[in-house]
Protein chains: 2
Amino acid sequence: MNAEAAVSQAPSLGEAIVARINELGAISETPDHLARIFITREHRVAADLILGWMREAGMRAHVDAIGNVCGRYEGLEFGLPCLMLGSHYDTVRDAGKWDGPLGIVTAISCVAELNRRGLRLPFAVEVVGFADEEGVRFASTLLGSRAVAGTFDESALGKTDRDGVTMRKALASFGLDPHHVGRAARTRGELLAYVELHIEQGPVLEDQNLPVGVVTAISGATRLAARLTGMAGHAGTVPMKQRKDALAGAAECIGAIEQFCRTDEGGLVGTVGYIHASPGATNVIPGQVSFTIDIRAPGDAHRRRAVTDVVRQIESIARRRDLQLQLDVTHENRSVPCADWLKSQIADAIASEGYRVLELPSGAGHDGMAMIDIADVGMIFVRCRGGISHHPDEHVDVADVDAGARVLLRMIDNFRPRDMAQ
Amino acid sequence: MNAEAAVSQAPSLGEAIVARINELGAISETPDHLARIFITREHRVAADLILGWMREAGMRAHVDAIGNVCGRYEGLEFGLPCLMLGSHYDTVRDAGKWDGPLGIVTAISCVAELNRRGLRLPFAVEVVGFADEEGVRFASTLLGSRAVAGTFDESALGKTDRDGVTMRKALASFGLDPHHVGRAARTRGELLAYVELHIEQGPVLEDQNLPVGVVTAISGATRLAARLTGMAGHAGTVPMKQRKDALAGAAECIGAIEQFCRTDEGGLVGTVGYIHASPGATNVIPGQVSFTIDIRAPGDAHRRRAVTDVVRQIESIARRRDLQLQLDVTHENRSVPCADWLKSQIADAIASEGYRVLELPSGAGHDGMAMIDIADVGMIFVRCRGGISHHPDEHVDVADVDAGARVLLRMIDNFRPRDMAQ
């Protein structure tokens, strides 16, 4: 029996992790649906639970200046740079219980396993449970990881929640000093890498019949708001060739976006999620249609080219149909590539656990988008049923939880910092 | 100077008609927008005004059992069958003032002109102002003309308006006996034809630079409600080829409907006026989309074939995209062809007035849809600006009003009943 097989035969991590996911999943604003929002009573209860698990795993742990839970497992020497693991423990409203917590609980379990084996590594291992990734309360995402990366925007402290409470006030009543958010910041020298395990939130792993995969990049996104204006008219009296039907125009745009993205081989996705036709009556030709466009690609140049092409096609459709077009970029964020050396170590861990290595982009955003500013980023995806997320039906099989934990543990075990890896 | 030119040089009917249209247009539920609804105070005021105009034109006039205003100008002998002219004097809410009243006022002006000239014809001329065509109050259209055609549905008396008042109660408080609606009915033997002058409510005459046109048929209509169900998903995480995007499917259907109708040369029109995508968020692939389809054609067989083809295309799109389809017919009405012999006499009148004869279908519904049950139907369309109707911007130039009146007057003057015409 070699060393690798020995690791695989350690007591199953999966069941213990699922038990903790269930414990965290019960901490919710309302009993009938899961909602655990930044700087609330539930935030505090969850943080205390996680602190306890970290300490039980042999880590020093504290809540930092923005409400993140931070645990540290020292290496062979005290004060070594760390491999930072983590994810977030806030949720959307009516959430699933896996999105975020799985990465925190799995990382803690891996550290507990190192601790159980009395193993100290030539680097420290830190686990962070980020306090806010979803941005539900203050409509501002990645608050926890931005604070750690030192890119927290102080002006966000003035933002208010739906009850008119400012973030500044909320932090203070939580016992945190809003003037000291900067103290949560870490420096590049303290981190060897940031590695996050997360559910895929998509159907690719399920489709490929794989429990885990290596993330290539967190896709950047561009969102646009489009409005086409034609001429409303009676559905019976205006001949087809005299119409300026804004909905027929929008339909052609939607078809063009879909067609353009379908023929791309590089992970480009384009979505029209919202549409409104006005006046919106059965017997009236729509005079105006508004719709949104969401375009994502693993690479920024790729996405920008795609946006340019899509905009050009929409402009051409509007011109040909004699429709007025208003088209605005409402949101844009860069893509975050995962570091090759980390992808390679994650791939090795996956292969060693006996799985085929599949690389896939992350279309959803993650804390790595902030952490990239102070560390190279790697991500491990775990299969979730039907690709469903942000929904109570979100589910991960215990066998896949276990597979994810074994991959992460092996990756930590075999981790070589960038300088040694190259 | 021949007789025809003499008619053209009669004092302009247009200005007098426009003055009366304005008078009627001022009778409204609210001063800021035009709404003249069935069996209301405004209905009564408008009926009294029209009664006065009819009597001034030398007609006997009364309000019938459903609230229609009926005027009769006897022919060479008392009690001859009549050429019936008419239109409706109820309106939609926030209406234009021309839709309906133009046909009544023009017909009365033509009779007044016959009377002024002391002319009696070998047939009577009747003018009907129908009390309800739009169906605003009781969500049931053509109440006035159905009563005259003897096809009034007595069960409609139990329908309630938005205040919960039944039609039965409304009629009674108007001074009409709901048990006697049947007395408004006329018989086939009493009518030689029903001819209506109406604004086009579409842009064809304007496009062809013509003040008037001959209607070929009132198009039948089929309305369908479609619902496509796919799979909602994260706009970033589901690859294009793994999506079941209900909105992309609906967009393809809308494109197919438009394309199918555009390539038809026979007056087919198809409209998707309403669409709703669910959940309707920028970053979520729509899992379900509902939309309506309105298909009209001058001929029933033509429309039914078109509906069958469109349904087949939608089914094929849904099947190919693996979307569930629910498709229901929510409304259907037959087309009403205008009688060839009436079209021919209207065309002669148009040509004699010096205009090119253009035949066009009516995509909108009219009282002829009910009158067809007791008489052959003919219609004259008058150009309206921009094809706009059911809107305060509805407008007809006085010159076009005059052209319409001259055509109608000449048509009456030269009218030969069917047996004589054939």
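Axes here are lines fitted to C-alpha atoms, for helices over the stretch in contact, and angles run from 0 to 180 degrees between N-to-C directions. This is a predicted model, in which local features need pLDDT of at least 70 and side-chain atom pairs count only at pLDDT 80 or more, while totals for chains, interfaces and linings use all residues. Residues are numbered from 1 along each chain as its sequence is written, chains are lettered from A and ligands numbered from 1 in the order in which they are written, and side-chain values use heavy atoms, with hydrogens and water left out.

**Exercise 1. Describe how H2(A) and H12(A) cross, and list their contacts.**

Step 1. Helix H2 (residues 13-25) and helix H12 (residues 398-413) of chain A have axes that come within 8 Å and cross at roughly 110°. Helices (H or I, at least four residues) and strands (E, at least two) are DSSP runs, numbered from the N terminus.

Step 2. H2(A) and H12(A) are therefore roughly perpendicular to each other. On this scale, angles under 35 degrees count as roughly parallel, over 145 as roughly antiparallel, 65 to 115 as roughly perpendicular and the rest as oblique.

Step 3. From H2(A), A:Leu13, A:Gly14, A:Glu15, A:Ile17 and A:Val18 meet A:Val398, A:Val401, A:Asp402, A:Ala405 and A:Leu409 of H12(A); contact means heavy atoms within 4.5 Å.

Step 4. By class, this contact has 7 nonpolar, 1 polar and 2 charged residues. Ala, Val, Leu, Ile, Met, Phe, Trp, Tyr, Cys and Pro count as nonpolar, Asp, Glu, Lys and Arg as charged, and the others, Gly among them, as polar.

**Exercise 2. Find the rotation that superposes chain A on chain B.**

Step 1. A 180° rotation with 0.0 Å of shift along its axis does it, with an RMSD of 0.1 Å. That is the relation of a two-fold axis. The superposition is by least squares on the C-alpha atoms of residues with pLDDT of at least 70 in both copies.

Step 2. Among the residues of chain A, A:Ala251 comes closest to the rotation axis, at 2.1 Å (C-alpha).

**Exercise 3. Characterise the largest pocket and its lining.**

Step 1. The largest pocket holds about 1,200 Å³ of space. On a 1 Å grid over the protein atoms alone, a pocket is an open set of points with protein on both sides within 12 Å along at least five of seven lines, whereas a cavity is a set where a 1.4 Å probe fits but cannot get out; lining residues have an atom within 4 Å of a point. Grid points are joined across faces, edges and corners, and a volume is the space filled by probe spheres set on the points.

Step 2. Of its 50 lining residues, A:His234, A:Asn283, B:Arg296, B:Ala364 and B:His390 are the closest to the centre of the largest pocket.

Step 3. The lining has 18 nonpolar, 19 polar and 13 charged residues.

**Exercise 4. Which residues line the largest cavity, and which helix gives the most?**

Step 1. The whole structure has 3 cavities of 30 Å³ or more, and the largest cavity holds about 60 Å³.

Step 2. Its lining consists of A:Ile254, A:Ile257, A:Glu258, A:Gly270, A:Thr271, A:Val272, B:Met240, B:Arg243, B:Asp245 and B:Ala248.

Step 3. H8(A) gives the most, with 3 residues. The lining of the largest cavity divides into 5 nonpolar, 2 polar and 3 charged residues.
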